[in-house]
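Please look at the structure below before reading on.

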Number of protein chains: 2
Amino acid sequence: MQVTLKEIAEKAGFSVTTVSRALGGFSDVNEKTRQYIMQIADDLGYQPNLIARQLRSQRTYTIGLIIPATTHNFEDDFFSVLIRGVTHTAARHQYDVLVSAQLPQANEMDAYHRIVGGNRVDGMVLARTYHDDPRIAYLRSLNHPFVVAGRSAPDQVSDFPYIDADSRVGIAELVTHFITYGHTHIGLILPPENIAFTPYRLEGYRDGLVGAGIPYRPEYVVHGDMKQRGGENAAAYLLESQPQITAIVACNDLMAIGAMRAIQGHGLRPGLDIAVGGFDDIPAAKHAAPALTTIRQPIYTIGEQLTEILIKVIANEPLEKTGILLKPELVIRESSGQPRR
Amino acid sequence: MQVTLKEIAEKAGFSVTTVSRALGGFSDVNEKTRQYIMQIADDLGYQPNLIARQLRSQRTYTIGLIIPATTHNFEDDFFSVLIRGVTHTAARHQYDVLVSAQLPQANEMDAYHRIVGGNRVDGMVLARTYHDDPRIAYLRSLNHPFVVAGRSAPDQVSDFPYIDADSRVGIAELVTHFITYGHTHIGLILPPENIAFTPYRLEGYRDGLVGAGIPYRPEYVVHGDMKQRGGENAAAYLLESQPQITAIVACNDLMAIGAMRAIQGHGLRPGLDIAVGGFDDIPAAKHAAPALTTIRQPIYTIGEQLTEILIKVIANEPLEKTGILLKPELVIRESSGQPRR
DNA sequence: GTGTGTATCCGAAACATTTCGGATCGTCTT
DNA sequence: AAGACGATCCGAAATGTTTCGGATACACAC
């Protein structure tokens, strides 16, 4: 079965302590015996029992990531890309990643209590923060290392390590882009109220309008569930109730793609009759028909950098700054249509 | 810090054993004291230390999945979708998933030795099998539970639980589809030789030709690295050296998309001048321009079913059958072009 | 009064490792 | 020759659980 230190010790004629210290490369064991012990360990095919090591040393070299229950959508690449960024960076630092999916009907905190309270990870990566996010409160109360893709809503401090796109600036740019193309009646599909970045995006929308002296009209703003279906429903509602609208800004690509579908469902052509813009630049955005104008958010890079930061936090290394705000990049594609004047 | 059984025991005035058995729901503890102990555990916010539990019980309730080093491509959805299927199904059975990325330059088996030999998981999910796959040999020698997305090459037995698409039949259908559209000079872009499913796909290609009485021409067959770039290079080579070719079958979607790019690079129109087909039906296939004709492989479902099987294997439950061969589905899109006669 | 049975509880070992605080022994200094 | 010192090794505790094999006490039957 398992080869243990004890077996090696018996075979080598040394104590378990010495074997452990030999394999650990400590200086208080004779180089000759170290070689000898390593030889035997090799011969027996010794692999340290990581569970025992973790229990004793209270370190797991593992990063936790919990996929929210709402993300059962096949097409939502956000978490997939994030996981990839995290996993590859973790591997570079000899960390593994524990991924847990939240069950749809389960209490959101259950998985966190189990994984974090159960000592299975050294740190957590959070994403998709809410207003008054209980996960952040929990992790902070435990003083457990964590980093966040996203940040708190504008009315709360984000006094934890995070990386977020500056979505206020991003959405403002997108709105301005539409305005310079001649649009004045621009609809907005927001995420649900309880998502932390929703107010930032609404502010960006208003910034864009204000910059051009266009009045803000609350009836142009609706909410969607961040999935394709939600965007479709929201856009259909806008098209019905506000037929003067010629452009729609959706707060993520999935909803934008849904909006384009709704536009087609109304016998209109996205990009020609109604301009559409999204946010994220998931792979599907480029391949959509028409290709989607969007605000690019470098998800993979965010995953990479977050992991680097998390590992520093775990190691108690000081951070230069606690939060990073990335400048988002406007990617203009066919769904913008042509300038109208 | 950590609330332990010992603390609860002291507070409740019972032994650690009784506390453990009370919380575990054993029948040899008085219902009254069980209630009492549970109350105290709740008050203290007790969360069992899973590491300690794992060490003692030699069970982790964790499934391992190692992402190969070659999959650093952002667009390769295969592993992302697989991870999602595995993770969600695992969660339904109260399992977590340990994801580890293989470093590009590292020995392939290192991660397996560490994760499996280190007792971190109860079972493994493998994907992308090779001819003479050392991972399979290793896991079998340890008698460690595992399941495989894919199977052994045709010259070896697949005497382990697996799920694979019947790629021989799939590719044959695709070739036949092209032949009925009037193509007789059909190129094939195969994966590298050491991938286990390569010979199945070659056989399928030959089956398709034989069924229509078209001779097999080895010069129409080239290899690519399964990434977009590899498909591009392979197709470029085919177009140069065999200009009579009017259709190209690529063995995965990523290479097919690359082939379409090469066709465009040669001033030809994929779907109109040269028909193209792929394999997998990753999300990008539908969104490609032109949309890609392909053989659908239900990756998410494969991940789900594999996980169900793995959990059975771990629990020592008997399996109905050891291997499942899925009938692939031909999805005809624009890259097939129109029938030519 | 003795034996049997049942309900309830607990001590101690075991899982495999790391690490603290010595112990031993030979060499060197004075 | 005594003490100091460095090199090398090791016993035992500790990490937090689970579980085996009893132990205790009480009720009941004979």
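Where in chain B is the place of Arg128(B)? Arg128(B) sits in the loop between β3 and α7 (134-142) of chain B. Helices (H or I, at least four residues) and strands (E, at least two) are DSSP runs, numbered from the N terminus.

The model is predicted, so local features need pLDDT of at least 70 and side-chain atom pairs count only at pLDDT 80 or more, while totals for chains, interfaces and linings use all residues. Residues are numbered from 1 along each chain as its sequence is written, chains are lettered from A and ligands numbered from 1 in the order in which they are written, and side-chain values use heavy atoms, with hydrogens and water left out.

Arg128(B) is not a glycine, yet has a positive phi of about 55°. With 13% relative accessibility, Arg128(B) counts as buried (under 20% relative accessible area, with a 1.4 Å probe and protein chains only; exposed is over 50%, partly exposed in between). Asn119(B), also not a glycine, has a positive phi of about 65°. Its place is the loop between α6 (108-117) and β3 (123-127) of chain B. Most residues other than glycine have a negative phi, and most peptide bonds are trans. The peptide bond from Ala289(A) to Pro290(A) is cis, with omega near -5°. Pro290(A) is in the loop between α12 (283-287) and β10 (293-296) of chain A.

Now turn to the two chains. Chain A is superposed on chain B by a rotation of 180° with 0.1 Å of shift along its axis, and the RMSD is 0.1 Å. This is the relation of a two-fold axis. The superposition is by least squares on the C-alpha atoms of residues with pLDDT of at least 70 in both copies.

Next comes DNA strand D. A residue is near the strand if one of its heavy atoms lies within 4 Å of it. Of the 25 residues around DNA strand D, those that come nearest are Ser15(A), Thr18(A), Leu5(B), Ser20(B) and Arg56(B). The largest share of this surface, four residues, comes from α2(B).

Some polar contacts (pairs of N or O atoms within 3.5 Å) can be followed to single residues. A polar backbone atom of Ser15(A) is 2.9 Å from a phosphate oxygen of DNA strand D. An N or O atom in the side chain of Thr17(A) is 3.0 Å from a base oxygen of DNA strand D.

Key:
Polar contact = N/O pair within 3.5 Å; in protein donor to acceptor, adjacent residues only side chain to side chain.
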